[in-house]
Amino acid sequence: MAKVYYNGDVNEQVLEGKTVAIVGYGSQGHAHAQNLRESGVDVIIGLRPGKSWDKATEDGFSVYSVREASAKADIIMILSPDEHQPAIYKESIEPELTAGKALVFAHGFNIHFNQIVPPEHVDVFLAAPKGPGHLVRRTYTEGAGVPALIAVYQDATGQAKDIALAYAKQIGAARAGVLETTFKEETETDLFGEQAVLCGGTSALVKAGFETLVEAGYQPEIAYFECLHELKLIVDLMYEGGLEYMRYSISDTAQWGDFQAGPRIVTDETKAAMKEILSDIQKGKFAKGWILENKLNRPEYNAINEAEKNHPLEVVGRELREMMPFVKASKSKGVVANAKN
Ligand SMILES: NC(=O)C1=CN([C@@H]2O[C@H](COP(=O)(O)OP(=O)(O)OC[C@H]3O[C@@H](n4cnc5c(N)ncnc54)[C@H](OP(=O)(O)O)[C@@H]3O)[C@@H](O)[C@H]2O)C=CC1
Ligand SMILES: CC[C@](O)(C(C)=O)C(=O)O
Ligand SMILES: [Mg+2]
Ligand SMILES: [Mg+2]
C-alpha cells in the first residue's frame, strides 16, 4: 500500500525564509501562486511581458522577467507549457541556478525525456497536482485540495523530499493526500491517463455517443444532455463513492444496461489499443512526436483543434450552456477567464 502524506505528516517550516518563483501564470501557475501566498509562503512570479504579466500584477504579485525571478528565488517552479520549458530553462533559469536552489516541476516530461538537464548542485523535484489548475485553486479556497504526487530526482541539499512535501502541503494537496513517486512513473501514468481515459478516451466516447444518436435522427440537444452534460453528474457520483455509489444512485435498469453494454463498448480491442498507447509513451515515441509537432509550429494540432471547435456537439453545447447560468457561473470563477491563449 502506498504511503499517503496528510497535513499532519508534513513540516512546512522548511519553506520559511525561502522565496518561491512561479514561472508562468496560467492554469497551474495562478493556482500554485495564490495558494502558496495564502499559506504564508513568499511568492514571486517570472514571466515575459503580456497578458499573464498584467493578470499576475493585478492579482497583487511582484512580477519579474524569468531571469530576474530565478535570480531572486530559492525555489523555482516551472509552470509554463511543457513544450516551452526547455528554451525558457536554457535562456533564463539555468544561468541563475546557484548551488542549493531547487528546480521544481508539476509534470516530469522534460526531465524524464532529457529535454532539461539540470546541474548536480541543485535539488530537482516534482510537485504534481492530480487535477486541473483551476480546481487546484477552487478546492483550496473551499478548504479542500487536489491530491498531488511528489518525486525527488536530485537531492543536493539533503532536504529535497521535505521541501517537496512542504510545497505540496502549502498548495493544499496534503488536505487530500500526497504520494511519493518517481519522475518516470508520474510522467508515464499522467500521459497515459490523459490520453487513454481522462481526455482522449472520454472525448472520443462522448463524441461517438452524440454522433450515434444524431445520425439516428434524435435531436442534437437531447443527445448533448445525454452524452455530455449528464456525464459530469455521473462522474461526480463516482468521485464521491466509486462505481458502487454511482450504481447505487442510478436505476436498476441503468445498472443492468451498464453491465451489459460496457464490455461491448470497451472491448479487448480497446484494451489492446490502450496497451499500445502506453507502450508508445514508455518508448518515448509519443514524446518524440509532440516535440517534432512543436518544432513544425503545430500543423496537425492546430488543424484538429479548429475542426473540433466546430463539431456539432460543441455548437449545440455552446447554445445550451448559454441558457444554464449555473454552468456559466464557473467562468466567473476563472475557468475560462484564465484559459490558455
Ligand atoms: N493544466 C493543468 O491543470 C496541469 C498542468 N500540469 C503541468 O503544469 C505545467 C504548466 O501547465 P499549464 O498550467 O497547463 O500551462 P499553461 O498553458 O496554462 O501556461 C501558460 C503560462 O505560461 C506562460 N508562458 C508561456 N510561454 C512563456 C515564456 N516563453 N516565458 C514565460 N512564460 C511563458 C504564459 O504566459 P503568457 O500569457 O505570456 O503566454 C502563461 O502564464 C506543465 O508542466 C503541465 O504539464 C500538471 C498538472 C495539471
Ligand atoms: C488530465 C490532464 C492533465 O494531466 C491534468 C489536468 O492533470 C494535464 O496535463 O493538464
Ligand atoms: Mg495530470
Ligand atoms: Mg498531464
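**Questions on a predicted model**

Modeller: In this predicted model, the buried residues of helix 6 (residues 133-141) are G133, H134, V136, R137, T139 and Y140. Buried means that 20 or more other C-beta atoms, placed from the backbone, lie within 10 Å of the residue's own; exposed means 12 or fewer, and partly exposed is in between. Helices (H or I, at least four residues) and strands (E, at least two) are DSSP runs, numbered from the N terminus. Residues are numbered from 1 along each chain as its sequence is written, and chains are lettered from A and ligands numbered from 1 in the order in which they are written. Local features need pLDDT of at least 70 and side-chain atom pairs count only at pLDDT 80 or more, while totals for chains, interfaces and linings use all residues.

Colleague: Which helix gives the largest share of the shell around ligand 1?

Modeller: The shell has 26 residues, with G24, G26, Q28, S52 and H107 the closest; a residue is near a molecule or strand if its C-beta atom, placed from the backbone, lies within 6 Å of it. At least two shell residues each come from helix 1 (27-38), helix 2 (51-58) and strand 7 (123-129). The largest share, three residues, is that of helix 1.

Colleague: How many charged residues are in the shell around ligand 2?

Modeller: Ligand 2 is surrounded by G131, P132, D190, E194, L198 and C199. Ala, Val, Leu, Ile, Met, Phe, Trp, Tyr, Cys and Pro count as nonpolar, Asp, Glu, Lys and Arg as charged, and the others, Gly among them, as polar. By class there are three nonpolar residues, one polar and, as charged residues, two.

Colleague: Is S251 buried or exposed, and why?

Modeller: S251 sits in the loop between helix 10 (220-249) and helix 11 (252-265), and the UniProt annotation "binding site" covers S251. Because S251 has 9 C-beta neighbours inside 10 Å, S251 counts as exposed.

Colleague: Over which residues does pLDDT stay under 50?

Modeller: pLDDT is the predictor's confidence in each residue, from 0 to 100. The mean for the protein is 95, and 96% of its residues reach 70 or more. The stretch where pLDDT stays under 50 is residues 331-341.

Note on methods: Contact = placed C-beta atoms within 7 Å. UniProt positions renumbered as here; feature names shortened; annotations may be inferred.
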